[in-house]
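User: I'd like to learn how to read side-chain features in a model. Could you walk me through this one?

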Amino acid sequence: MSDTHITSVLNEARVFAPQPEFRAQAYWQDLDAYRAEHERSLQDPEGFWGEVAKELSWFEPWGKVLEWNLPDAKWFVGGKTNLCFNCVDRQVESGHGDQLAILWEGEAVGPDGPEVRRLSYADLQAETSRFANALKAQGVKKGDVVTIYMGMVPELAIAVLACARIGAPHSVVFGGFSSHAIADRVDDADSKVVITCDGSWRRGKVVPLKANVDAACELTSKIETVIVVERCGNEVAMREGRDLWWRDAVQGVDAECPCEPMDAEDMLFLLYTSGSTGKPKGIVHTTGGYMVYTYLTSKYTFNLKPDTGQVYWCTADVGWITGHSYILYGILPNRVPSLMFEGAPNFPEVDRFWDICERHKVTQFYTAPTAIRAFMKWGDEAVTKHDLSSLQLLGTVGEPINPEAWMWYREVVGGSRCPIVDTWWQTETGGHMLTPLPGATPTVPGSCTLPFFGIDAAVVDESGNEVPLNRGGLLAIRKPWPSMLRGIHGDRERFVQTYFSRLEGMYFPGDGARRDAHGNFWIMGRVDDVINVAGHRLGTMEVESALVSHPQVVEAAVVGMPHEIKGTGIAAFVTLGPGVAASPELSATLQAHVGEEIGAIAKPDLIQFTDHLPKTRSGKIMRRLLRDVAAKRAITGDVTTLEDFSVLETLQKYQED
């Protein structure tokens, strides 16, 4: 059997055409029209992307749309622009300064309801200018990397945009990371300024952000200035000469700061993503191509239309690429209000997200499959007791979604009327790569369907040859796109080896995939999340999907485990639905169910029932911890991003049984 072959026999016959009501007001209303335009975008990328770029503002025009010298791309060569200008000032100058740009809601709910702040484009222009000038006063210059480690407060958006305004690349570190993670990223980026908060609210408790930065300052000598937003009022230490409060930094500062003209290929930001081994990779994104691509993907994937009453909500944290691209940089240029929420989806109650959707009349809702499975577990009533008639479109991001969760999302949250855009992309890609266009693409539960404009995607073998339909292989991107990463900061060799060495002449994202009989793409998980069972290669995602397709299972995580006969066996950690009791009989039923769905080779050797799976605060399952548990070895590695540390104790008890 080929080394790249991944058994993929899950069949999904359900197909949903766009609803006529949605189709009638969508940008793209016909699949044939999409196919023709997609082909044009591949054959004439200069013409296609040049037209899109002209919808945005440039200080100086580009001389050439694309220069491609594998693996290096340059887009809009010679053009000068500024992404903060296109997010903010462009809207003010076109007469829309009083329109809502960012709608923010805090976690706490008081007698008068939650804390809400509304920032117009004019507000953002003044606040980003003021803070940009404050950064300059601290010695920040064009090209200096500024580290941002904050909770989801409006000042986070202001800080990010202020950096873009003056040409200082930002490095946002997710607020769930440890002091060691901060120090590692500061050292790698050679960053001298850190922006943080005293703390952030998470389920009514304070996450000690400033204390974590203080600890990071002990681990690196690079940090010279720490600017602190007062959010929680928790007691913090302020070191004279290094630390200052945000309020003091902006006190009396001029609210006018022209946007720095940036070359299209100037670095916009660094964003660190974990590697399977070694230190985190600092992904480099530049200004022009990223701006154009996130603008267009936001517009078409979410069907964003200004002046129509839309309110868009992506539930991610700005500490991840999803928050960069689809809370701020892609949304604001489309002039649709972007909602930011500070807290957790189940605080103070499990219906918090739906309460927010109802009160703010959210029209586009974009969240992760992990969250959707949690919603399922919490029960339909938490959703159905709210009026969600404002919703027009639902989206998923972060990992492949199992078909049953997709169906629940469609029927219970979307009332069987909202199209679902299941988006596949990465930190490295900058924006959506595979996604339905909601007015044109028939959707299939579990599939991210078809490539976005300009994306030449294929499923190939190790030699780079396309494999037949319904055959597993390696996902590959064969042509450059505007928002592709430009490198790994300070590590050219790692950039080339990681993304361009396995498949000659192609970008390899590290995922296995297949295309079904209709040409739709199915992501089968990371190639390193493939289990070799007695010579058969099984994607963990498809075994998980088979388990979750059973009506009594809400969530499942599958990992490999040592097996004395097969070499590697399959361990499944399974969370059951409300009122369902774990039993040896149910375990046997689930094993048989997987056998029916995939084949006898895929039956789990171990099924461990658990109330909770170990997840990061961004909702990703930490499968490496489960591998340690299944192998009965000590749990190793950094666990500071765990959402709930009590899960560790439970897992360790399993090892003792």
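**Charges, rings and cores**

Analyst: Let's start with a network of salt bridges, which links Glu105, Arg352, Asp355 and Arg359. Before going on, note that this is a predicted model, where local features need pLDDT of at least 70, side-chain atom pairs count only at pLDDT 80 or more, and totals for chains, interfaces and linings use all residues. Residues are numbered from 1 along each chain as its sequence is written, and side-chain values use heavy atoms, with hydrogens and water left out.

User: What counts as a salt bridge? And how many salt bridges does that rule give?

Analyst: Side chains of opposite charge can pair when their charged atoms come close. The rule asks for a side-chain nitrogen of Lys or Arg within 4 Å of a carboxyl oxygen of Asp or Glu. That gives a count of 37 salt bridges here.

User: Which residue forms a salt bridge with glutamate 404?

Analyst: Arginine 14 does, with the closest N and O atoms 2.9 Å apart. This pair links distant parts of the chain: glutamate 404 belongs to helix H15 (residues 403-413), while arginine 14 is in the segment before helix H1 (20-24), 390 residues apart. Helices here are DSSP runs (H or I, at least four residues) and strands are too (E, at least two), numbered from the N terminus.

User: Where in the chain do aspartate 263 and lysine 80 lie?

Analyst: Aspartate 263 is in strand E13 (residues 262-263) and lysine 80 is in strand E3 (residues 80-81), 183 residues apart. Their salt bridge has its closest N and O atoms 3.7 Å apart. Aspartate 263, at 22% relative accessibility, is partly exposed, and lysine 80 is partly exposed with a relative accessible area of 25%.

User: What separates glutamate 127 and arginine 130 in helix H5?

Analyst: About one helical turn, because they are three residues apart in helix H5 (residues 121-137). The two side chains meet in a salt bridge (3.1 Å, N to O). Glutamate 127 is partly exposed at 28% relative accessibility, as is arginine 130 at 22%.

User: Now the rings. How many aromatic pairs are there?

Analyst: Rings of Phe, Tyr and Trp (its six-membered ring) pair if their centres lie within 6.5 Å; planes under 30 degrees apart count as stacked, over 60 as edge-to-face and the rest as tilted. A search of the whole structure finds 43 aromatic pairs. One of them is tilted: tyrosine 34 with phenylalanine 453, 5.7 Å centre to centre and 45° between the planes. Tyrosine 34 lies in helix H2 (residues 31-43) and phenylalanine 453 in the loop between strand E20 (420-422) and strand E21 (457-460), 419 residues apart. Both tyrosine 34 and phenylalanine 453 are buried. Tyrosine 326 and tryptophan 425 pair edge-to-face, at 5.0 Å centre to centre and 80° between the planes.

User: And what should I know about nonpolar cores?

Analyst: Nonpolar side chains tend to be buried together in soluble globular proteins. A nonpolar core is a set of buried Ala, Val, Leu, Ile, Met, Phe, Trp, Tyr and Cys residues joined through side-chain atoms within 4.5 Å. The largest one has 134 residues, and Trp49, Phe76, Phe131, Leu135, Ile148 and Tyr329 touch the most other members. Helix H6 (residues 154-166) supplies the largest share of this core, ten residues. Another core, of 31 residues, lies apart from it and has Ile356, Phe375, Val412 and Val413 among its members.

Technical notes. Buried means under 20% relative accessible area, exposed over 50%, partly exposed in between (1.4 Å probe, protein chains only).
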